[in-house]
Amino acid sequence: MKWNPRLEGMRAYEPGKTIGEVKKEFGLSRIVKLASNENPFGCSPEVKKFITQAGLETALYPDGYATELREALSDKLGVSPRQLLFGGGSDELIVILSRALLSESNNTVMPWPSFPQYRHNARIQGAEIREVPLRKDFSHDLDCMLKAIDENTSLVWLCTPNNPTGGIIPHEELEAFIRKVPEHVLVIVDNAYHEFVTDRAYGDPLNLVEEFPNVLVLRTFSKAYGLAAFRVGYAIGREEVITKLDPVRPPFNTNLLGQQAAALALADQAFIGSTTKQNESGKAQYARFAEKHGLNCPRSEANFVLMEVRGSADAAADELLKRGYIVRSGDKLGTPGYLRITVGTREDNEGLLAALEEVL
Ligand code: PMP
């Protein structure tokens with residue numbers, strides 16, 4: 001077969017062990033998965049009620065334009081419905097953007113460590129990948145990113161809060177950066193963890209879409225809204241940018257259940273308030289543990305923390321797995337010596353920290 005030669009040596013995304021696999025492998029009955037930054041509190045009770053009652057029409061294609069969700073979101077965000085593009089999770093929007101803008105004749109600039117799908121898709125497109133290391137304190141080095149941009153740059157990726165480090169880009173710095181980026185470059189501001197941010201310096205990156213034609217913001221229903229299984233993400237940009245991207249989107253890329261659940265979830269902001277409040281208390285549990293043990297645990301504005309461990313993070317993650325806790329080793333995420341732990345319920349966090357104490 002005539003495969004795209006760029007697929008040579010490329011591996012599919014490895015999601016880590018499932019709850020079922022860990023149960024079987026270690027003979028455990030209760031597993032706590034704190035590995036993928038999902039919402040440990042589930043989703044809005046309104047969505048749960050809807051799912052049990054839904055009686056959805058399964059034989060017809062969904063509304064490819066996601067009209068109801070589009071209108072609800074455009075009201076909530078104060079943007080025109082034509083400024084929105086929906087994807088099967090923001091993962092699919094990253095694919096769409098990469099297909100629309102990257103090729104072997106251009107390059108893309110991104111921070112590292114950050115969300116690996118930016119470079120994964122750039123690789124498939126054959127674009128030159130320019131990764132700019134975060135600073136020692138895990139902040140984005142925007143000056144270096146600026147220097148990496150040239151006339152052949154088509155996409156710049158920023159992730160705020162950044163996965164896996166949790167830090168934000170202060171609004172002032174972000175704005176100053178975008179002001180200096182040439183207009184031929186589209187700047188993607190990935191805000192997958194937007195709803196969790198409490199630091200006022202973050203402002204709201206969406207405001208930049210108003211002022212700058214070359215900014216696109218990515219958000220998702222997978223994290224704070226607790227709908228990761230339904231795969232709904234969205235991009236907000238200038239109408240002319242969205243119109244250019246839309247032909248790359250598969251026609252019915254968000255499904256009926258996902259569209260309806262997302263619209264209901266959006267209407268239940270009380271659930272988001274309670275999730276973010278509990279997330280803050282959870283992060284405080286991890287911060288206290290880190291302080292007690294003299295470990296570094298940088299302030300995260302997302303729903304996960306990076307926790308320093310003594311010795312190898314791979315080994316610590318394996319030991320936690322044996323005790324029924326699935327977390328991600330920073331050795332595989334570009335943050336060696338740290339675990340990335342999704343903030344769970346209070347009980348999950350207590351259990352995990354007790355296990356970590358044994359493993360340290
Ligand atoms: N961006 C970032 C920064 C993420 O961490 C994730 C999920 N891990 C995504 C995008 C993709 O999320 P989804 O496709 O579920 O919207």
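Strand β9 and strand β12 (residues 338-342) run antiparallel and are joined by five bridges; strands here are DSSP runs (E) of at least two residues, helices are runs of H or I of at least four, and both are numbered from the N terminus. Two strands count as paired if DSSP finds at least two bridges between them. Within this pair, Val305 stands opposite Ile341 in β12.

These strands belong to an open sheet of three strands in the order β9-β12-β11, with antiparallel pairing. Because β9 (304-308) and β11 (328-329) stand at the edges with a single partner strand each, one side of each is left without a neighbour in the sheet.

## Basis of the description

The model is predicted: local features require pLDDT of at least 70 and side-chain atom pairs count only at pLDDT 80 or more, while totals for chains, interfaces and linings use all residues. Residues are numbered from 1 along each chain as its sequence is written.

## Strand β8 and its partners

Strand β8 covers residues 233-236. Strand β2 (residues 84-87) runs antiparallel to β8 and is joined to β8 by four bridges, with Phe86 opposite Tyr234. Strand β7 (residues 215-220) also pairs with β8 in the antiparallel sense, over four bridges, and Thr220 has Gly233 as its bridge partner.

In a regular strand, side chains alternate between the two faces of the sheet. In β8, Gly233 and Ala235 point one way, and Tyr234 and Ile236 point the other way. All four are buried (20 or more other C-beta atoms within 10 Å of the residue's own, with C-beta atoms placed from the backbone; 12 or fewer means exposed, and in between partly exposed).

## The nonpolar core

The largest nonpolar core has 95 residues; such a core is a set of buried Ala, Val, Leu, Ile, Met, Phe, Trp, Tyr and Cys residues joined through C-beta atoms within 7 Å. Val156, Val187 and Ile188 touch the most other members.

Leaving aside residues up to four places away in sequence, Val187 touches Val156, Leu158, Ile178, Val181, Asn214 and Val215. Contact requires C-beta atoms, placed from the backbone, within 7 Å.

Conventions: Contact = placed C-beta atoms within 7 Å.
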